[in-house]
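Let's take a friendly walk through a protein model together.

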Amino acid sequence: MHCRRDSTCCNYYVYNPTTNKMRTLPRLQNSERKMTAETGTWRLSGDPFSFDNLILHDGVYWSGKIVWLNLQTETFFSFDVDKEEYGEMLLPKPPIEDEWRHYKIKYFNEWRGNLNLIRYSNTGKMQIYIFQLKEEQSEWIIKHHIDGDKLMRNNAHLFGNQDRYFLCILSLVHGEDSYLVLYIPGHVVAYHFRNKKIRKLSDLTLDLDDQHALSTLGWTDVHQYIQTFSHV
């Protein structure tokens, strides 16, 4: 996908790694359209809705809806795919205590039917809190807490001797051995919750402009690989 944020200037592709085949989707005219598989064209989906005064991060497909998180109010907005209806979603607001007032939401996604979000602060002490929405959707619970300062001191061979450490949250992977994927200068690493250890996944050197963008935005678009038997 082209890196520009304006969806009308993006090129979208569907890629099947098992067949090594790729299909280019038709250019999207606006963000309120839905792909029709039979014709391979876009059509209007539902009535137009104004997004004025909403600061929305990229949508997450969950429970038959595309769910957006309004970063300004930390409330949720959704689009029902089958009914083709927009509306505010009545989910509990992510928890925030007085001591978390500097903790920004840096990750919001779905995994196996569960919504997850991450609060992260690099003001003073580096702390990471990972929340999951309970199945009955009554509240967000803390699944994991990472003391970032301690983590980096214990892995100085990867982080180096820096006065101020930098990391970017890439992805949260659940399973028998759940882990958090992070970017740190020069490396992509996995932090395993079970043993609280870091495993290097790959080397990745970014130029200073890219590192500055990551440190400023602190949020990236990383997409999980999904196994499928469908052909492109």
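Strands, like helices, are DSSP runs numbered from the N terminus: a helix is a run of H or I with at least four residues, and a strand is a run of E with at least two. What you see is a predicted model, in which local features need pLDDT of at least 70, side-chain atom pairs count only at pLDDT 80 or more, and totals for chains, interfaces and linings use all residues. Residues are numbered from 1 along each chain as its sequence is written, and side-chain values use heavy atoms, with hydrogens and water left out.

Let's start with backbone angles. Most residues other than glycine have a negative phi. Now look at the loop between β5 (60-62) and β6 (65-70), where you will find Ser63. Phi of Ser63 is positive, near 55°. Is Ser63 buried or exposed? Ser63 counts as exposed because its relative accessibility is 54%; the cut-offs are under 20% relative accessible area for buried, over 50% for exposed, and partly exposed in between (1.4 Å probe, protein chains only).

Gln137 is not a glycine, yet its phi is positive, at about 60°. With 33% relative accessibility, Gln137 counts as partly exposed.

Next come the strands and their partners. Two strands pair if DSSP finds at least two bridges between them. Strand β9 (residues 104-111) and β10 are antiparallel partners over seven bridges, and Ile105 has Arg119 in β10 as its bridge partner. The two strands form a hairpin with two residues between them, and Arg112 in the turn has a positive phi of about 50°.

How much of strand β10 (residues 114-121) is buried? Seven of its eight residues are, so to speak, under cover. β10 also runs antiparallel to β11, joined to it by six bridges, and here Ile118 stands opposite Ile130 in β11.

Finally, find the open sheet of four strands, which are paired antiparallel in the order β13-β14-β15-β16. Its edge strands, β13 (168-173) and β16 (197-204), each pair on one side only. On average, neighbouring strands of this sheet are turned by 25° against each other, direction ignored; the axes are lines fitted to C-alpha atoms, for helices over the stretch in contact, and angles run from 0 to 180 degrees between N-to-C directions. Five bridges link β13 with strand β14 (residues 179-184) in the antiparallel sense, and Val173 has Tyr179 in β14 as its bridge partner.
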